[in-house]
Amino acid sequence: MDPRRSFALLWLSQAFSQFGTSVSSLAYPLLILQLTGSAAQAGLVGAVVAATGLLTRLPAGSLADRNPPRALMLTADGMRCALLAALAVTVASGAAGTGLVVAIVALEVTAGAVFGPAEFRMIRAITPPSERSVAVGRMQSRSQLAGLLGPLAGGALFGVAPWLPFAVDAGSYLVSLVLILAVPPVPAPRTAAGARGGAWRWLRSDPLLLPAALWVAFLTATFSAVGLIVIVVAQDRGAGSAGIGLMSSISAAGGLVGALITPAVQRRLRPGAVFRIAAALDTAATLALLPLQSPVLIGVAGAVAFLSAPVVAASLFGEVSRRSPDDLVGRVQSTVVLVVGLVAPITPILAGLVLDRSGSAGGIIACASAFAVLTVVALLLPAFRRRADAVELTDA
């Protein structure tokens with residue numbers, strides 16, 4: 001099969017799957033609230049997602065390095081389709097409870113943790129080495145589109161019938177499974193010397209990836225704080241729930257635009273340049289929040305900030321795909337994902353403390369200062385000043 005057709009099928013399969021996941025991710029807490037009336041129990045869903053992802057990511061990467069990726073992807077999609085279909089039936093029959101919902105969330109996240117590195121390996125296998133970075137960039141648009149449309153659809157579907165979002169998610173996994181069946185299998189990864197050293201040792205030896213992953217971790221964490229601060233800023237300046245929803249949609253649209261331009265940016269700029277520009281842009285966009293009053297204008301500032309997010313992610317993971325040895329690519333990808341997400345759970349708490357003590361203006365200044373520091377680091381860090389293509393590729 002033409003590699004371009006295989007890539008298109010993979011892109012489509014996950015566009016459907018991620019849309020379904022985005023639909024149900026809003027429906028899960030809504031369902032718990034309906035069942036229990038407890039916001040704390042509704043928040044348990046997010047905690048289970050984070051904890052399960054943390055515990056399963058590295059074993060999933062190891063699994064992807066030892067088995068044919070297509071078989072893992074089909075198994076993961078089949079498992080998630082069955083889980084969500086069972087949940088839809090249970091909710092429709094009135095038999096759902098918090099324990100069942102939490103268990104299904106944990107199993108769904110586990111299957112997704114296996115799917116991610118397997119798909120990453122599959123894309124690498126069907127893509128020429130010179131196109132691997134750009135291929136990862138093209139995948140960003142599907143995530144941004146799902147994030148823009150999924151929550152809107154999830155809320156509307158839940159209003160019609162609480163079981164509908166989960167049925168749609170189950171259907172999305174079924175569509176994904178059928179599309180992946182049309183992609184020819186690729187062989188299981190060969191075992192090579194690099195596997196004995198482990199992903200972490202290899203990652204520490206690479207001149208770019210570990211510094212970049214740590215830098216992106218702090219950028220992502222600051223973004224997480226900005227998300228909370230922007231809501232507080234909008235409320236302080238008189239925005240209602242409708243205005244905040246509009247603001248969020250405008251900001252998400254910025255991320256979608258960023259995803260669409262990502263391949264073109266990757267062809268023109270090395271990762272270090274992308275990081276420097278992104279941090280400087282985020283600094284300016286955050287400071288612009290200080291005088292703004294209208295939710296629309298606040299959303300535009302958010303859109304400018306989120307414009308760079310998919311480009312940064314694609315630049316980092318494009319280099320992971322391009323540089324990682326074949327026998328370690330699943331574990332390296334999973335390790336980098338883990339590093340990038342390590343700081344993010346802490347920053348919303350810190351942001352809340354800053355907001356309580358210093359108000360929305362203090363929160364804006366704190367986040368803008370963090371982005372400014374990241375800009376300076378990106379300018380000075382030697383790893384970001386090297387030519388990425390000067391490093392010899394470990395796998396062709």
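Predicted model: local features only at pLDDT ≥ 70, side-chain atom pairs only at ≥ 80, totals over all residues.
Biologist: Start with helix 3. What span should its 25 residues have?
Modeller: Helix 3 covers residues 69-93, and at 1.5 Å a residue it should span 36 Å. The C-alpha atoms at its ends are 36 Å apart, which agrees.

Biologist: What follows helix 3?
Modeller: Gly94 follows helix 3, and its phi is positive, near 80 degrees.

Biologist: How many salt bridges turn up in the whole structure?
Modeller: The search finds eight. Among them is the one between Arg80 and Asp77. The closest N and O atoms of that pair are 2.8 Å apart.

Biologist: Where do Arg80 and Asp77 sit relative to each other?
Modeller: Both are in helix 3, three residues apart, which means that about one helical turn separates them.

Biologist: Which residues of helix 1 and helix 3 meet?
Modeller: From helix 1 there are Leu10, Gln14, Ser17, Tyr28 and Leu31. From helix 3 there are Met73, Asp77, Arg80, Leu84, Leu87 and Val91.

Biologist: Switching to helix 10. How far apart are its end C-alpha atoms?
Modeller: They are 40 Å apart.

Biologist: Which residue just after helix 10 has a positive phi?
Modeller: Gly238, with a phi of about 95 degrees.

Biologist: At what angle do helix 10 and helix 13 cross?
Modeller: Roughly 175 degrees, with the axes coming within 11 Å. Helix 13 is residues 295-306. That angle is over 145 degrees, so helix 10 is roughly antiparallel to helix 13.

Biologist: What makes up that contact?
Modeller: Phe223, Val230, Val233 and Ala234 of helix 10 meet Ile298, Ala305 and Phe306 of helix 13. The class count is seven nonpolar, no polar and no charged.

Biologist: Last pair: helix 12 and helix 14. How do the axes cross?
Modeller: The axes of helix 12, residues 271-287, and helix 14, residues 309-323, come within 9 Å and cross at roughly 160 degrees. Helix 12 is therefore roughly antiparallel to helix 14. This crossing is left-handed.

Biologist: Which residues make the contact there?
Modeller: Helix 12 supplies Pro271, Val274, Phe275 and Ala278, while helix 14 supplies Val311, Val312, Ser315 and Glu319. Six of these are nonpolar, one is polar and one is charged.

Terms used:
Residues numbered from 1 in each chain as written. Heavy atoms only, no water. Axes fitted to C-alpha atoms, helices over the stretch in contact; angles between N-to-C directions. Helix = DSSP H or I, 4+ residues; strand = E, 2+ residues; numbered from the N terminus. Parallel < 35°, antiparallel > 145°, perpendicular 65-115°, else oblique. Left-handed = near helix turned anticlockwise from the far one by under 90°. Contact = heavy atoms within 4.5 Å. Nonpolar A, V, L, I, M, F, W, Y, C, P; charged D, E, K, R; others polar. Expected span 1.5 Å × (residues − 1). Salt bridge = Lys/Arg side-chain N within 4 Å of Asp/Glu carboxyl O.
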